[in-house]
Amino acid sequence: MSDYNFAYLDEQTKRMIRRAILKGVAVPGYQVPFASREMPMPYGWGTGGVQVSAACLTPEDVFKVIDQGADDTTNAVSIRKFFEKTAQVSVTEHTKDATVIQTRHRIPEVRLTEDQILVYQVPIPEPLRFLEPRETETRKMHALEDYGLMHVKLYEDIARHGEIATAYAYPVKVEDRYVMDPSPIPKFDNPKLESAALQLFGAGREQRIYAVPPYTKVVSLDFDDYPFDPSKADYPCALCGATESYLDEVIVDDSGGRMFVCSDTDFCAGRQEAAA
Amino acid sequence: MTKNQNIPERPPLLEVHDLTKNYGARTGCADVSFNLFPGEVMGIVGESGSGKSTLLNCLAGQLEADSGAVMFDTRADGPRDTRLMSEAERRMLGRTDWAFVHQNPRDGLRMRISAGGNVGERLMAVGARHYGDIRSAAEDWLTRVEIATDRMDDRPAAFSGGMQQRLQIARNLVTGPRLVFMDEPTGGLDVSVQARLLDLLRGLVRRMGLSAIIVTHDLAVVRLLADRLMVMKDGRVVETGLTDQVLDDPQHAYTQLLVASVLQV
């Protein structure tokens with residue numbers, strides 16, 4: 001197919017996005033505004049992640065897409081097909097083989113390497129948004145490191161629920177400077193944000209790109225007497241028996257039957273194969 | 001006049017020189033100068049539109065004045081002009097040494113956050129990271145402003161007007177500020193609630209040795225709270241002096257009118 005430029009976006013647009021990415025890498029956790037394009041998919045389906053992926057992909061890359069940990073859900077399948085068609089890159093479902101991984105709401109269980117790029121789809125990049133609706137004010141708060149409000153939210157959690165009840169999109173502080181929304185990943189994944197891989201975050205509708213470079217310090221916010229707890233369901237995976245992976249709860253019948261299975265399908269399948 | 005050698009001279013907490021703020025061609029306030037000493041309460045009175053709120057907002061750094069200087073005696077570096085400070089430094093002052101009590105508690109409170117969270121916010125903003133400590137400080141302050149501690153996890157929206165105003169005061173005083181700006185703190189409250197609030201304020205100001213600048217049009221409020229009085233008209237200060245002196249023996253025609261206009265019950 002020659003009607004598309006490589007990876008759908010034109011070269012000027014990719015340059016613009018790469019500049020934003022470079023700035024994001026230079027200032028870890030800082031939200032860089034960029035001129036987000038209309039993509040052939042609705043907002044909220046990963047337009048930001050797709051644009052970042054398009055700017056990162058080279059013809060030699062091996063591409064993987066995860067949606068809530070799974071490779072075979074609608075969002076993952078369509079984005080994977082999109083780049084198969086417009087960039088003719090090879091694709092894979094194996095985390096280890098991939099060089100660029102676009103993800104929605106999960107970090108793979110397998111430890112990532114320096115040769116990999118993890119691209120997140122971000123719905124709301126501003127961690128202070130639901131506490132302070134004014135964009136002018138939140139930008140000023142970031143500039144002045146005025147982050148007391150973030151802890152007020154955690155305080156409210158404890159006051160109301162007896163523990164920090166924020167279970168996903170758990171706010172982190174990057175390199176002792178910027179408070180960042182790690183996108184709606186479960187807080188179980190937060191420790192994995194300190195990674196060998198480059199992590200890029202794209203928010204298409206909100207027109208923001210930010211980044212966590214390899215080996216950057218990422219600390220989940222907490223209180224001294226209520227420390228951060230990366231909790232998960234207290235079961236082993238029903239399919240592969242893993243005890244250390246993040247689990248999805250699946251309702252299996254109408255009489256309250258349920259099972260817990262790995263949310264990372266590649267991880268689970270790999271373990272089942274190894275056991276067989 | 002001879003100086004009493006036995007009393008050590010304390011530098012003023014706030015020194016204001018020729019502060020001017022214009023709104024285009026109109027005057028907000030013009031050439032205001034005064035000193036405020038530690039532990040002193042200054043009242044600013046005048047009719048609506050006389051520039052008292054403009055002046056207060058300029059002093060508190062919420063409005064940018066056109067010219068003049070506002071020297072604040074900082075804990076670390078002595079007197080510094082707050083107008084030349086960076087925004088970050090001014091904000092830091094705003095949540096440590098300064099406090100601002102708004103007329104409408106809705107402007108000064110976070111209505112969707114519990115009373116405890118409202119009080120704790122300033123503590124967390126200056127780095128408190130121990131939930132238990134923050135909570136007990138909040139509890140202590142709610143007791144001091146006469147809010148039952150079992151209302152601690154309720155949102156301010158469920159509070160009466162007087163309680164909201166008391167909560168706003170607790171939220172502001174929790175970090176032990178040295179200077180409190182108050183904009184009509186008793187406005188919109190009925191008289192009995194007003195009386196209790198004034199009583200509370202007077203106690204707190206005296207006990208904590210606070211300095212305060214109170215803007216109001218209610219002469220009874222300044223009579224109770226203020227040591228000194230500044231009368232403003234059309235953006236200018238027309239008369240200053242000790243509160244009792246100004247109220248009992250007004251010199252300027254406008255002050256005479258103001259004092260004579262108070263309704264007697």
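Predicted model: local features only at pLDDT ≥ 70, side-chain atom pairs only at ≥ 80, totals over all residues.
**View 1. A salt-bridge network with residues from chains A and B.** Shared partners join E137(A), D146(A), E87(B), R90(B), R91(B) and R95(B) into one network. Over all chains, the count comes to 40 salt bridges.

**View 2. The salt bridge between R208(A) and E135(A).** The closest N and O atoms of this pair are 3.2 Å apart. R208(A) belongs to strand β9 (residues 208–212) and E135(A) to helix α4 (residues 135–143), so the bridge ties together parts of chain A that are 73 residues apart in sequence. R208(A) is buried at 11% relative accessibility. E135(A) is partly exposed at 25%.

**View 3. R160(A) and E156(A) in helix α5 of chain A.** Their side chains meet in a salt bridge of 3.1 Å, N to O. The residues are four apart in helix α5 (residues 148–161), so about one helical turn separates them. R160(A) is partly exposed, with a relative accessible area of 48%. E156(A) is buried, at 7%.

**View 4. The second largest pocket.** This pocket holds about 380 Å³ of space. It is lined by 18 residues, and the closest to its centre are F130(A), K153(A), Y168(A), A169(A) and D181(A). The lining divides into 13 nonpolar, two polar and three charged residues.

How values were computed: Residues numbered from 1 in each chain as written. Chains lettered and ligands numbered in written order. Heavy atoms only, no water. 1 Å grid on protein atoms, 1.4 Å probe; cavity = no way out; pocket = protein on both sides within 12 Å on 5 of 7 lines; lining within 4 Å. Points joined across faces, edges and corners; volume = space filled by probe spheres on them. Nonpolar A, V, L, I, M, F, W, Y, C, P; charged D, E, K, R; others polar. Salt bridge = Lys/Arg side-chain N within 4 Å of Asp/Glu carboxyl O. Helix = DSSP H or I, 4+ residues; strand = E, 2+ residues; numbered from the N terminus. Buried < 20%, exposed > 50% of the residue type's maximum accessible area, 1.4 Å probe, protein only.
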